Amino acid sequence: MFMQKKIRVLIVGFGNIAKTHAALMMRIKSFEFAGVVDARPEAVAAAQQFRVDVPVYATLADALAAGSFDAAILCTPHHVHYEQCTQCLSAGLHVLCEKPVCLSMEDFDRLAALSAQSNRVLVAGDMMRYWPNVVWARHQIRSGVIGEIRHIIRDRITQQSDAGGRAWAHNPAEAGGWLLYGTGIHEIDALLYMTGASLVRAEAFACVNNAGWNDWDELSVCGLLSGGTVFNLNQTLNGGEFLMTTRLIGTKGVIVLQGDSIAVLNGEKLFLAQNNAFHSQLLSFARTILQGEENRAAVTAHRHGALVQ
């Protein structure tokens with residue numbers, strides 16, 4: 001499928017999401033799991049379950065000094081992404097950084113410029129761009145089947161008490177606000193990707209329902225997209241279930257999305273072929289590195305796709 005060259009990958013931070021990337025990466029022949037940056041004993045043990053002899057480094061600087069990597073996957077807390085992206089790009093590595101790649105548009109622009117200057121790709125972990133119904137809706141909207149989009153209503157209801165074991169997610173200084181950057185950035189990015197629009201204006205309203213979060217856990221974002229589309233994003237971490245629905249209201253019809261693979265077009269329900277969005281994202285990352293394929297989640301592909309304060 002690809003050229004014979006192996007992409008030697010360094011995984012930075014070996015928590016839950018890193019395990020997902022590692023397991024899928026081991027199934028893609030173009031990748032070699034070549035190193036880990038994480039000083040925690042439990043993280044080292046987890047990494048060695050995938051490759052017993054994987055080199056482990058206490059710091060990113062130590063790993064980069066080894067000079068034996070082609071790409072990095074960053075699976076660390078949000079507040080260190082900008083510095084780590086900068087370090088890796090400057091060292092000549094291609095980077096897949098879990099969302100968000102940074103916490104401000106000023107840093108985002110600096111990273112986009114560095115990616116271009118270094119001729120290295122920087123991909124954001126916006127895996128919803130690979131969801132079957134998001135891709136399908138993007139094609140339907142572009143074809144004009146429901147006319148011009150006038151209103152988008154998206155609801156994300158979850159029951160999430162601990163952010164998947166990420167203790168740092170309860171610290172706004174590190175997460176930037178979990179409901180904004182942990183989950184909300186996926187939702188806003190999906191809306192922008194489906195419509196091809198840019199963000200003109202947004203206002204957020206939030207409150208605390210569960211004090212254990214140490215942060216907002218109820219959030220509504222109202223905004224305006226280019227072209228005059230109004231959107232409403234509603235999120236809760238206390239909903240008692242897991243449910244995601246999107247309603248795209250156009251001048252000629254309506255699209256409703258449920259989960260990642262169910263779509264309804266003007267009342268007709270479709271069950272789309274399911275995939276593993278993380279696997280698709282990694283395959284695309286490999287193709288971009290080896291074949292120069294345009295990457296749908298590269299920072300240059302979604303300048304307006306970052307949700308910022």
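Reader: What is the volume of the largest pocket?
Author: This is a predicted model, in which local features need pLDDT of at least 70 and side-chain atom pairs count only at pLDDT 80 or more, while totals for chains, interfaces and linings use all residues. Residues are numbered from 1 along each chain as its sequence is written, and side-chain values use heavy atoms, without hydrogens and water. A pocket is an open set of points on a 1 Å grid over the protein atoms alone where a 1.4 Å probe fits, with protein on both sides within 12 Å along at least five of seven lines. With points joined across faces, edges and corners, and volume taken as the space filled by probe spheres set on them, the largest pocket comes to about 1100 Å³.

Reader: Which residues lie nearest the centre of the largest pocket?
Author: Lining residues have an atom within 4 Å of a point. Helices (H or I, at least four residues) and strands (E, at least two) are DSSP runs, numbered from the N terminus; α1 (16-25), α4 (81-90) and β7 are among those that each supply at least two residues of the lining. Of the 48 lining residues, those nearest the centre are Asn16, Ile17, Cys75, Arg166 and Trp168.

Reader: How many of the eight residues of strand β10 are buried?
Author: Buried means under 20% relative accessible area, exposed over 50% and partly exposed in between, with a 1.4 Å probe and protein chains only. Strand β10 covers residues 229-236 and is largely enclosed by the rest of the structure, because its buried residues number six.

Reader: Which residue takes a positive phi in the hairpin of β9 and β10?
Author: Three residues lie between the two strands. The phi in question is near 90°, and it belongs to Gly227.

Reader: How far is the sulfur of Cys207 from the closest cysteine sulfur?
Author: A disulfide is a pair of cysteine sulfur atoms within 2.5 Å, and the count here is zero. Cys207 is partly exposed at 42% relative accessibility, and Cys222 is partly exposed at 30%. The closest cysteine sulfur to that of Cys207 is in Cys222, too far for a bond, at 13 Å.

Reader: What share of the 309 residues in the chain is buried?
Author: The chain has nine helices and 14 strands, and its C-alpha trace spans about 55 × 45 × 35 Å along the principal axes. Of its 309 residues, the buried share is 53%.

Note on methods
Two strands pair if DSSP finds at least two bridges between them.
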